Amino acid sequence: MDDDRYGSDVLSGDWRSRGVQKVRQVPLERDMVLEDPTTGWAGAVVRLEAGNVELEDWKGRTRSFPFSGQFLLEGELVTLGRPQAPVGRSAAAAPPVGRRGSAPAVRHASDGGRLRTASGSFAVESQRARVALPSRIMVEGKHDAELVEKVWGADLRVEGVVVEELSGVDNLADVLDDFRPSRDRRVGVLVDHLVPGSKESRFADAVMRGKWGAHVLVVGHPFVDVWQSVKPARVGLQAWPTIPRSIEWKKGICQALGWPSAEQADIARAWQRILGQVRTFADLEPQLLGRVEELIDFVTEPKD
């Protein structure tokens with residue numbers, strides 16, 4: 001008989017793994033946020049030593065777990081692979097941002113293996129960056145620019161859109177007078193804390209009613225700072241801490257997280273740690289995602 005249900009060796013092949021769910025292995029990285037599924041302890045990776053991985057929670061407390069164990073990474077059960085770079089308190093911080101800092105494109109099996117950029121768009125693999133358009137997207141500061149570059153950088157280069165720093169919305173009117181927007185030179189502006197009654201909303205309203213308003217789009221997100229647009233789970237939090245108005249917000253965040261905050265270099269390192277946890281658009285709040293996409297559409301709209 002061709003189909004002999006008793007004639008084969010039942011112990012042949014990989015019979016032990018049948019019916020066992022396979023767990024993906026990911027290389028260990030400094031500052032990646034992991035959760036121990038047994039205890040619920042969540043924190044950023046700060047050290048790998050003697051077969052244990054050390055996690056630091058948002059209060060600065062540390063706890064070690066066996067490197068060979070299983071962890072939750074963004075809700076997915078994973079095992080850890082050997083790190084590709086040193087992991088320890090003396091290790092370098094997050095990789096540099098800017099043109100070389102954009103999150104890499106990733107292939108998705110559900111899309112037939114096509115590459116998607118960090119923003120979720122299909123990557124244009126064979127097309128070089130376009131010559132910059134005369135239109136611009138302006139953001140309030142360095143951290144805003146770095147975040148936009150990391151998630152949307154590949155898309156912006158294909159479209160030829162340049163992102164510039166404003167160094168504060170207070171300077172917007174003067175910047176626009178120098179830039180002189182027109183139908184062919186549009187300006188899209190991303191503003192932090194754009195909520196009714198805020199200083200930012202008053203500046204935005206004045207610009208949109210002013211002489212350049214027809215060729216300028218000012219949009220914003222409700223967060224005090226662009227740091228809050230990163231989902232808190234990416235840094236091991238359930239929610240971003242509430243900071244009293246008497247304390248400078250970024251310093252207050254660092255203090256609440258137990259991170260150094262005395263010097264500007266401490267703030268810069270804190271931001272790099274946060275930015276290092278952003279891989280794709282899925283790590284950002286939708287209130288920011290929609291506004292950036294709106295600005296890109298505005299400055300790239302065809303003339304006719």
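**The main core and its neighbouring sheet**

The largest nonpolar core holds 39 residues, of which Ile 137, Leu 147, Trp 152, Leu 190, Trp 227, Ile 274 and Leu 284 touch the most other members. Such a core is a set of buried Ala, Val, Leu, Ile, Met, Phe, Trp, Tyr and Cys residues joined through side-chain atoms within 4.5 Å, where buried means under 20% relative accessible area (1.4 Å probe, protein chains only). At least two core residues come from each of strand S10 (136-139), helix H1 (142-159), strand S13 (216-220) and helices H4 (249-257), H5 (264-275) and H6 (286-300); helices (H or I, at least four residues) and strands (E, at least two) are DSSP runs numbered from the N terminus. H6 gives the most, with seven residues. Apart from this core lies another, of 16 residues, including Val 26 and Leu 80.

This is a predicted model, in which local features need pLDDT of at least 70 and side-chain atom pairs count only at pLDDT 80 or more, while totals for chains, interfaces and linings use all residues. Residues are numbered from 1 along each chain as its sequence is written, and side-chain values use heavy atoms, with hydrogens and water left out.

Turning to the sheet, four strands form an open arrangement in the order S11-S10-S12-S13, with parallel pairing (two strands pair if DSSP finds at least two bridges between them). S11 (162-165) and S13 stand at the edges with a single partner strand each, so one side of each has no neighbour in the sheet. S10 is joined to S12 (residues 187-191) by four bridges, and Ile 137 has Gly 188 as its bridge partner in S12.

How values were computed
Buried < 20%, exposed > 50% of the residue type's maximum accessible area, 1.4 Å probe, protein only.
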